[in-house]
Amino acid sequence: MTGITLHLHSAVRSERIDDVVSFVGTDASGSFGIQPGRARIMTLLDYGLSRFRTADGAWHYLACPGAVLRFADDQLTLSTRRYLCDRDYERISALLGGQLADEEVALRSVRDNLQR
């Protein structure tokens, strides 16, 4: 069994991570998992944390304010405005609750002002 290649894309950077053996995310229907060989899927990730495990057994946590997820032929692509990735759950949770949450509040304020 071969691993998944994860492609992360944001407005300012891109990253490729090889040998991903599983990915867990959340969309409007709830939590779901992806492993190598899975059928194609395309969905919108909710604001929050996803996680993925690499072949060395390490879990990595991914915080983003929502993303477009596409999986086909063991290529997993996430496109988002911004993402933070870390192996430390506590650190990434704090960043999600702080930095990304503040950005979302500011963005919501801009949207509200534009609508008025």
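Start by selecting Asp 74. This residue is buried, with a relative accessible area of 17%. Buried means under 20% relative accessible area, exposed over 50%, and partly exposed in between, using a 1.4 Å probe and protein chains only. Asp 74 sits in the loop between β5 and β6. Its phi is near 60 degrees, a positive value in a residue other than glycine. Most residues other than glycine have a negative phi.

This is a predicted model: local features need pLDDT of at least 70, side-chain atom pairs count only at pLDDT 80 or more, and totals for chains, interfaces and linings use all residues. Residues are numbered from 1 along each chain as its sequence is written, and side-chain values use heavy atoms, with hydrogens and water left out.

Now select Asp 73. It is found in the loop between β5 and β6. Its phi is positive too, about 55 degrees, although Asp 73 is not a glycine. Is Asp 73 buried or exposed? Asp 73 counts as exposed, at 62% relative accessibility.

**The whole chain**

Switch to a cartoon view. The protein chain has 1 helix and 7 strands. These are DSSP runs, numbered from the N terminus: helices are H or I with at least four residues, strands are E with at least two. Along the sequence the pattern reads β-β-β-β-β-β-β-α. Of the 116 residues in the protein chain, 40% are buried.

**The core**

Select Leu 6, Phe 23, Ile 34, Leu 69, Leu 76 and Leu 78. Of the 19 residues in the largest nonpolar core, these touch the most other members. Such a core is a set of buried Ala, Val, Leu, Ile, Met, Phe, Trp, Tyr and Cys residues joined through side-chain atoms within 4.5 Å. Strands β1 (4–9), β2 (14–27), β3 (30–34), β4 (41–54), β5 and β6 (75–79) each supply at least two residues of this core. The largest share, 5 residues, comes from β5.

Zoom in on Leu 6. Leaving aside neighbours within four places in sequence, Leu 6 is in contact with Glu 15, Arg 16, Ile 17, Val 20, Phe 52, Leu 76 and Leu 78. Contact means heavy atoms within 4.5 Å.

**Along β5**

Go to His 60, which lies in strand β5. His 60 is buried, with a relative accessible area of 11%. Beyond neighbours within four places in sequence, its contacts include Ser 50, Phe 52 and Asp 86.

Next, show rings. The structure holds 1 aromatic pair. The ring centres of Tyr 61 and Tyr 89 are 5.2 Å apart and the planes stand at 70 degrees, so the pair is edge-to-face. Rings of Phe, Tyr and Trp (its six-membered ring) pair if their centres lie within 6.5 Å; planes under 30 degrees apart count as stacked, over 60 as edge-to-face and the rest as tilted. The pair links distant parts of the chain, with Tyr 61 in strand β5 (residues 59–72) and Tyr 89 in helix α1 (residues 89–115). Tyr 61 counts as buried at 16%, whereas Tyr 89 is partly exposed at 43%.

Select Arg 51 and Trp 59. Arg 51 lies over the face of Trp 59, at 5.0 Å from the ring centre. A charge sits over a ring if NZ of Lys or CZ of Arg is within 6 Å of the ring centre and within 35 degrees of the ring normal.

**Last stop: cysteines**

Select Cys 64 and Cys 85. Cys 64 is buried at 2% relative accessibility; Cys 85 is partly exposed at 28%. How many disulfides does a search of the whole structure find? It finds 0, a disulfide being a pair of cysteine sulfur atoms within 2.5 Å.
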